[in-house]
Amino acid sequence: MSADAAQVLARCDELALISARPDAIERVHLSPEHRAANDLVAGWMRQAGLTPRQDAAGNVCGRREGARPGLPALLLGSHLDTVPDAGRYDGMLGVVLAVAVAERLGERAAELPFALEVVGFSDEEGTRFGKALLGSSALAGVWEPSWWELRDAAGTTLREAFTAFGLDPDAVGEAARRPEELVGYLEAHIEQGPVLEAADASLGYVTTIAGARRFIVTVRGEARHAGGTPYPRRRDALVGAAQMISRIEELVRDSDCIATVGRIEVRPGAVNVIPGEAELTLDLRAGTDAERDAMWQTLHGELERIATARGLSLEVVGTHTAPAAPTADWLRQAVVSGIAATGDHAPLGLWSRAGHDAMVVSQVTDIGMLFVRCFDGISHHPGEDVREVDVARALEAFEAAVLAVADALDDGDSAVEEVAQ
């Protein structure tokens, strides 16, 4: 088992060498590095007994037939793209674990009541074009035509990048999977948080993926001379925005939600001018849409109160809404059963504060997720790290979860049968 885990870690190291930067890991959508990663993973898929292909959206996919050709597939996977200056396990570990599971199953895969498929999604992070989850959106059949005009930092449109990569933009719909083609989707991923480490647990199961809303909040006051304007006459947009940011943290930190102000811009931005306008971003997440939306109502009311008290105006524009994505009970139980195979019979259930490809795939099939402990909860940073013992347990649990899905289908669970049909 440790040899298999060592191979998984070695393959993550090998993928980490495919980077646009010599000093850091950076691999973005539709780049030469994207192609090289697909080619490398396709080779591992072939070695694992899967038949690899690249789909119409640039996702690398591999399939092995089950007990008879043409059965619906159980899909395993994660993403191969990265943020700038990335770690080597976010996304990559899930893909490599999925390939390793297929290889460990070997000839047993031909006896499964479903086909086994592995996918390495082409774009989850949205680093290049500013739109996340492009690869899984294509697979789930929720591609938006407006995305074709998205541009990267060099001005290249998504449509132009597709063409340059050798893909046909007009054929992107061919990447879409129909519900009747899939049994479900299982994703293994580093936790990207400190809960498992604090509990001294290698693995956990995901209950739901956060429902997120994002806003641009603009606070407007009056730009005036910094020396000549007394305090009673000031309408300082930045001071008002600062009070709002502090109040957001106060209200959210003791709740089951999480909020982040990630950027603030001030205009006119001169050292001797009272700020007339401050624009900030707000990212709000919770385990359920109801919790998230209730918190937003509270926050919005408080922002308006602060603005009014300071003689400021407030404008709020919603820029993103993603519904929470609960894992399916039967796949959640399969993951719990998988973790039990490692000796942990009371695993932690966690709601994922980060977004994942699974949340989009949930629009076409049931989902389940396995979390793997990572050092200090660090992610999106070169300091990402995992322990070999945790990877070994993740591999054992992931394989056992696949077999638990097969048992659920063989046992004739009516709800599962309905999904499979």
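**Close-up views of a predicted model**

**View 1. Leu133 sits in the loop between β4 (115–121) and α4 (134–139).** Helices (H or I, at least four residues) and strands (E, at least two) are DSSP runs, numbered from the N terminus. Although Leu133 is not a glycine, its phi is positive, about 65°. Leu133 has 14% relative accessibility and therefore counts as buried (under 20% relative accessible area, with exposed over 50% and partly exposed in between; 1.4 Å probe, protein chains only). The model is predicted: local features need pLDDT of at least 70, side-chain atom pairs count only at pLDDT 80 or more, and totals for chains, interfaces and linings use all residues. Residues are numbered from 1 along each chain as its sequence is written, and side-chain values use heavy atoms, leaving out hydrogens and water.

**View 2. Gln192 belongs to the loop between β5 (182–190) and α6 (195–198).** Gln192, a residue other than glycine, has a positive phi near 65°. Most residues other than glycine have a negative phi, and most peptide bonds are trans.

**View 3. Arg267 and Pro268 are joined by a cis peptide bond.** Omega is about 5°. Pro268 is in the loop between β9 (264–267) and β10 (277–286).

**View 4. Helix α1 (residues 2–16) packs against helix α11 (residues 388–410).** The angle is about 105° and the axes are 8 Å apart; axes are lines fitted to C-alpha atoms, for helices over the stretch in contact, and angles run from 0 to 180 degrees between N-to-C directions. From α1, the contact (heavy atoms within 4.5 Å) includes Ala5, Val8 and Leu9, and from α11 it includes Val391 and Leu395.
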